Amino acid sequence: MSLVTIQHPRHIPSARLQQGMGMIEVLVSVLVLAVGLLGVAAMQSLALRGGQGSLETSQAVMQSNSIVEAMRINPTGNYNMGKTCSAASVTGTDLRANDQRAWVTALKSTVGADAATCGQITGCPGACVITVFWDDSRAGTDQGGTARSLVTNARI
Amino acid sequence: MIAMVLGLLVMGAAFAVFQSNQRSYQANQGLSRIQESARVAFELMSRDMRAAGGTACSNLAAPDVEHTATADEIKLRSAPVGDNGTGDGSQLVVTSGDDTAYHVTAATTNSITLATGTGPGEINDAKDAFKTNDTMILCSANLLYVVKAGTVGTSVVTFTPATPVVMTVDPMAPPATVMLAKYRSTRWYRNGTGLFVSREGGVGQQVADGVTALSFSYLVDGASSYTATPASWTDVVAVRVDMTLQGADQVDNKTISRNVSNVISLRSRAL
């Protein structure tokens with residue numbers, strides 16, 4: 001059993017009024033779309049920066065492992081060095097100096113080529129702390145931003 | 001009319017967003033591919049190189065003095081890394097014992113019996129581990145031979161050539177130290193833009209894509225720097241791998257390219 005209700009036809013606005021509504025609707029939709037598109041663009045750039053940040057972190061992990069391996073092959077070399085941001089500032093021609101220089105060069109070519117990419121080794125050989133610094137401000141500030149660092153502890 | 005112009009504007013904007021979306025997708029995909037290739041190459045190559053020259057037995061185990069060492073024995077013991085004769089650091093050949101070795105309970109000069117069962121160090125069926133014509137390392141604390149598998153039974157594996165003495169009667173090495181393991185020979189090389197690996201001289205398998213440069217350099221014990229052409233392969237203690245990777249698609253007429261480098265020490269030489 002169903003109840004049938006008959007609706008009265010709505011009042012149809014005049015043609016003049018309808019034209020005005022169409023204009024406002026389009027303007028509002030343009031505005032809404034513009035805001036939406038801005039959001040999409042922001043999301044895209046965030047995704048790109050996130051991808052780059054993730055690659056840089058991967059590279060930093062690989063470089064940390066790399067210097068640990070180099071130190072293990074030369075256990076008597078004292079690899080400790082303060083925060084070094086330029087390969088040219090490492091002096092010497094022995095294996096230790098060459099390794100350190102190659103490491104800083106590799107950091108620059110793999111993690112990031114800017115001035116904020118640095119390496120530091122302390123506490124060797126008993127409790128080595130290897131720190132890789134790099135600028136990750138593009139990927140956000142929550143993980144340290146400009147002064148992002150990755151710390152690895154190892155014993156030689 | 002104005003509505004139409006605005007509408008077209010909106011459509012144009014939507015199209016522009018679509019295009020930039022596509023480009024950002026390509027850039028992201030390129031980066032992810034690079035990361036994936038770098039990681040897989042890093043993990044798999046490192047594992048092979050670390051194991052170079054390693055066997056389940058002592059480093060001092062060597063073939064009997066009366067036995068003429070075969071090419072495989074020389075490679076395993078003296079030069080576990082090499083460049084396949086290219087001389088330019090573009091390829092790397094690594095030889096080692098497999099990381100799974102099986103305990104031997106009895107032996108003759110041309111067959112060995114494995115401990116079968118389900119306990120530790122025991123194998124359910126020797127056919128699970130070895131096949132006819134497999135290259136195997138037969139070693140104890142004192143002796144090491146590289147042999148070829150003949151017939152493989154549930155517990156008995158025959159091999160050629162025969163050992164000069166029965167492995168389990170060596171006075172210098174107790175029978176408990178006798179092990180049987182597969183011989184592993186791995187060649188890493190680049191073909192086109194692919195990173196390939198060939199195991200046991202077989203057909204190359206592609207591991208990673210987008211590799212535009214691959215070079216190996218070696219550290220000789222006592223030297224102060226890495227070189228692509230070491231004077232003595234016997235004394236190589238570490239390997240440095242440098243790779244250049246690039247993404248598949250072009251983004252704004254540029255290809256995304258990143259460098260990867262890694263140093264790996266040979267465990268049998270370093271520790």
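## A bond within chain B

A disulfide joins B:Cys57 to B:Cys139, with 2.3 Å from S to S. Keep in mind as you look around that this is a predicted model. The torsion about this S-S bond is about 75°, so the disulfide of B:Cys57 and B:Cys139 is right-handed. The two cysteines sit in distant parts of the chain, 82 residues apart. You'll find B:Cys57 in the loop between helix H1 (2-51) and helix H2 (71-78) of chain B, while B:Cys139 belongs to strand S4 (residues 135-139) of chain B.

How many disulfides does the structure hold over all chains? The count comes to three. In chain A, if you number the bonded cysteines in sequence order, the pairing reads 1-2, 3-4.

Take A:Cys85 and A:Cys118, whose sulfur atoms are 2.0 Å apart in a disulfide. The torsion about their S-S bond is about 100°, so this disulfide is right-handed. A:Cys85 lies in the loop between strand S1 (81-84) and helix H2 (95-110) of chain A, and A:Cys118 lies in strand S2 (residues 118-122) of chain A, so the pair ties together parts that are 33 residues apart in sequence.

A:Cys124 counts as buried at 13% relative accessibility, and A:Cys128 counts as buried at 0%.

## Where the chains meet

Now for the contact between the two chains. Chain A brings 33 residues to the contact and chain B brings 37 residues. The size of an interface is often given as the accessible area lost when the parts come together. Here, the area buried between chain A and chain B is about 2,900 Å², and carbon and sulfur atoms give 62% of that area. Which three residues supply more than any other three of the area that chain A buries against chain B? They are A:Met62, A:Glu69 and A:Ile73, which supply 21% of that area.

## Bridges and polar pairs

A:Glu69 turns up again in a salt bridge. Its side chain meets the side chain of B:Arg50, at 3.9 Å from N to O. Across the interface of chain A and chain B there are two salt bridges.

Which helices of chain A are on the side that touches chain B? Helix H1 (15-73) and H2 of chain A each supply at least two residues of that side. H1(A) gives the most to the side of chain A that touches chain B, with 24 residues. Sorted by class, the side of chain A that touches chain B has 16 nonpolar, 13 polar and four charged residues.

Definitions and conventions. Residues are numbered from 1 along each chain as its sequence is written. Chains are lettered from A and ligands numbered from 1 in the order in which they are written. This is a predicted model: local features need pLDDT of at least 70, side-chain atom pairs count only at pLDDT 80 or more; totals for chains, interfaces and linings use all residues. Side-chain values use heavy atoms; hydrogens and water are left out. A disulfide is a pair of cysteine sulfur atoms within 2.5 Å. Helices (H or I, at least four residues) and strands (E, at least two) are DSSP runs, numbered from the N terminus. Buried means under 20% relative accessible area, exposed over 50%, partly exposed in between (1.4 Å probe, protein chains only). Contact means heavy atoms within 4.5 Å. Buried area is the accessible area (1.4 Å probe) that two parts lose on being put together, summed over both. A salt bridge is a side-chain nitrogen of Lys or Arg within 4 Å of a carboxyl oxygen of Asp or Glu. Ala, Val, Leu, Ile, Met, Phe, Trp, Tyr, Cys and Pro count as nonpolar, Asp, Glu, Lys and Arg as charged, and the others, Gly among them, as polar.
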